[in-house]
Each structure stands twice: as C-alpha cells, then as structure tokens.
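Hi,

Here is the structure I promised to pass on.

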Amino acid sequence: MEQFLAVAAAHFLALLIPGVDFFLIARTAMTNGWRGATGACLGIATANGIFIAAAFSGVSLITHPLLLDVIQLAGGGFLIFIGIAFLRSRARIDLEHAPSAQRTTWLRNSGLGIASGLLNPKNALFYVSLAAAVGTAAPWTLTLYGVWMFSIVLVWDVFVAVVLGSRRALSRMDRVVPWLTRIAGVFLTLFGAGMILSLAIRRLG
C-alpha cells in the first residue's frame with residue numbers, strides 16, 4: 001500500500017503540471033466545448049496507456065539483477081532531473097503562445113490527443129522511471145498500477161476539459177500553477193532520491 005501511494009502521488013503530481021496535453025485540452029474545450037474535448041482526453045489517456053503497458057511489461061520481463069539496478073538508477077536520476085526542473089521552472093499558463101486548436105470533430109480530437117501523448121518523449125521516460133521503482137512487484141500489482149494511472153489520466157483530463165473551458169478559469173488556474181510546480185518538484189526529487197538510496201542500501205547490504 002505504501003508503494004502504491006508513493007507511485008500514485010508521484011504520477012498525479014506530475015500530471016498536474018500544465019504541458020502540451022493540457023493546452024490541447026484547454027484549447028479544444030474552448031473551441032468545441034467540453035464534450036468535444038473528451039475526444040482529446042481519451043486520445044491522451046490512450047497514449048499514456050500505451051507507454052504504461054510498454055514500460056511496465058518491459059521492466060517486468062527483465063530478470064537480470066544488474067539490468068534492473070541500472071534501470072532503477074537511471075529512473076531515479078530522471079525523476080530527480082524532472083523534479084529540479086520543476087523547482088527551477090517559472091511555469092505560467094500563456095494561451096497566446098500555446099498550441100492552437102481549430103474546431104474539429106470528436107474523432108479528430110481523439111487522434112490529436114493520441115498524437116500529442118505519443119510524441120511527448122517525457123511521457124515514455126517518466127513511466128519507465130516509475131516502472132523501475134516497482135519492477136519487482138507481482139504482475140497483478142503492476143496491472144493494478146497501470147489501470148489506476150490510465151484511469152487517473154482520463155478522469156483528470158476530462159475534469160480539465162470541463163473546468164477550463166473559459167479564459168477566466170484559466171487565468172485563475174495560472175495563480176495556482178507555480179505552487180503546484182514547486183510541490184511536484186519537491187516530491188519527484190525526493191521520490192527519485194529514494195529510489196537511488198534504496199538501490200544503494202540493497203547493494204551495500
């Protein structure tokens with residue numbers, strides 16, 4: 001349970017920070033309404049699901065202890081890197097320079113969501129890093145983690161589409177983003193450091 005809470009918290013905090021997917025959903029919600037934006041939400045969640053399945057199945061299939069240690073070390077280092085980047089970031093919501101989204105069909109929005117998620121290399125690296133932290137868990141546990149993450153991505157993205165369908169809501173969100181970024185930065189840095197520390201303890205022990 002402690003492992004699940006740590007992984008779930010790291011995933012959700014990283015999800016809170018606005019990125020390309022966030023702006024795609026916000027723009028689509030403002031031009032197509034939140035119902036039309038659910039297509040983009042499902043597409044983004046599907047792309048995340050593909051990365052989750054690939055990362056978790058890939059790590060679970062590796063049985064050589066040295067390879068698992070290397071993956072855990074690299075994963076922990078990446079999370080620390082992302083955490084520090086968040087702490088140094090001056091994150092703002094600037095719709096004027098965000099990716100534009102013209103009024104489109106629900107199916108096209110879904111395709112745009114899949115493309116947005118799959119073409120973001122940070123998604124793949126992030127899920128590999130999380131998978132490294134739980135690589136020794138039982139297959140059913142990894143499946144539970146994967147289903148949970150996919151569901152949270154979808155639910156959160158739909159929530160964003162419903163709530164942030166106006167510039168007024170986005171301007172209010174802009175005041176909160178810097179604090180969310182700092183909190184996520186601290187947590188991800190500590191989570192990554194914990195992965196490396198547990199590896200060092202296991203090796204020295």
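Of the 205 residues of the protein, 46% count as buried, where buried means under 20% relative accessible area, exposed means over 50%, and partly exposed lies in between (1.4 Å probe, protein chains only). Before you go further: this is a predicted model, in which local features need pLDDT of at least 70 and side-chain atom pairs count only at pLDDT 80 or more, while totals for chains, interfaces and linings use all residues. Residues are numbered from 1 along each chain as its sequence is written, and side-chain values use heavy atoms, with hydrogens and water left out.

The overall picture is helical: there are 7 helices and 0 strands, taken as DSSP runs (helices H or I, at least four residues; strands E, at least two) and numbered from the N terminus. If you take contacts (heavy atoms within 4.5 Å) between residues at least 6 apart in sequence, 91% of them join residues at least 24 apart.

Now the inside. The largest nonpolar core has 47 residues; such a core is a set of buried Ala, Val, Leu, Ile, Met, Phe, Trp, Tyr and Cys residues joined through side-chain atoms within 4.5 Å. Phe56, Phe126, Tyr127 and Leu130 touch the most other members of this core. Its largest share, 14 residues, comes from α2. Not counting residues up to four places away in sequence, Tyr127 touches His11, Asn48, Phe51, Ile52, Ala55, Phe56, Met149 and Val153.

Helix α3 has 24 residues and reaches 35 Å from its first C-alpha to its last, close to the 34 Å expected at 1.5 Å a residue (that is, 1.5 Å times one less than the number of residues). Among its buried residues are Leu68, Gln72, Gly75, Leu79, Ile82 and Phe86. An α-helix has 3.6 residues a turn, so residues three or four places apart point the same way.

On the outside, Trp34, Phe159, Val162 and Val163 form a nonpolar surface patch with about 350 Å² of accessible area together. Areas come from the Shrake-Rupley method with a 1.4 Å probe. Phe159, in helix α6, is partly exposed at 44% relative accessible area. Ala26, in helix α2, is buried at 0%, and its C-alpha is separated by 9.0 Å from that of Val162, 136 residues apart along the chain.

Cheers

Note on methods:
Patches are made of residues with over 30% relative accessible area and no salt bridge: like charges are joined within 9 Å, nonpolar side chains (Val, Leu, Ile, Met, Phe, Trp, Tyr) within 5 Å. A salt bridge is a side-chain nitrogen of Lys or Arg within 4 Å of a carboxyl oxygen of Asp or Glu.
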